[in-house]
Amino acid sequence: MLNNQFIINKFGFLGKDFLCELDKHAVVTEIKAKTEIIRDGQKNKFVPFLVKGSIRVFTLNDGRELIYYYIRANDSCLMTFSSIFTDYVSRVYAVAERRF
């Protein structure tokens, strides 16, 4: 069973069955700063829940970076939800700003 207090605090209200499913399928990882997490054209395979650090979500237009938003601790990515539930590929880039 998950022994991550963040997950229990965030999702415990959904019940023990949900936490068991999350435990079965969740991947907990540490990502270094400046690591590209997703790029334009890739399929999303997961929905990230950021525990700490920050992620910059942006697109490129004629080689210029246009920032949509930053994901901070306790947030998730709206663009990921959009593409994962509609089976589309990513239209954005996401890069770790700080180690998390």
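L60 of strand β2 (residues 54-61) faces E65 in strand β3 (residues 64-72). Helices (H or I, at least four residues) and strands (E, at least two) are DSSP runs, numbered from the N terminus. This is a predicted model, in which local features need pLDDT of at least 70 and side-chain atom pairs count only at pLDDT 80 or more, while totals for chains, interfaces and linings use all residues. Residues are numbered from 1 along each chain as its sequence is written, and side-chain values use heavy atoms, with hydrogens and water left out.

β2 and β3 are antiparallel and share eight bridges; two strands pair if DSSP finds at least two bridges between them. Two residues lie between the strands of this hairpin, and D62 has a positive phi near 55°. β2 also pairs with strand β4 (residues 93-98), again in the antiparallel sense, over five bridges. In that pairing S54 is opposite R98.

Six of the eight residues in β2 are buried, so the strand is largely enclosed by the rest of the structure. Buried means under 20% relative accessible area, exposed over 50%, and partly exposed in between, with a 1.4 Å probe and protein chains only.

The largest nonpolar core is made up of eight residues: I38, L50, I55, V57, I71, C77, V92 and A94. Such a core is a set of buried Ala, Val, Leu, Ile, Met, Phe, Trp, Tyr and Cys residues joined through side-chain atoms within 4.5 Å. A second, separate core has five residues, among them I7, F11, L19 and L22. In soluble globular proteins, nonpolar side chains tend to be buried together. Leaving out residues up to four places away in sequence, I71 touches L50, G53, S54, I55, V57, S76 and C77; contact means heavy atoms within 4.5 Å.

N44 sits in the loop between β1 and β2. N44 is buried, at a relative accessible area of 15%. Apart from neighbours within four places in sequence, N44 contacts I38, M79, T80, S83, I84 and S90. N74 is 30 residues from N44 along the chain, and their C-alpha atoms are 20 Å apart.

The lining of the largest pocket divides into 23 nonpolar, five polar and two charged residues. Here Ala, Val, Leu, Ile, Met, Phe, Trp, Tyr, Cys and Pro count as nonpolar, Asp, Glu, Lys and Arg as charged, and the others, Gly among them, as polar.
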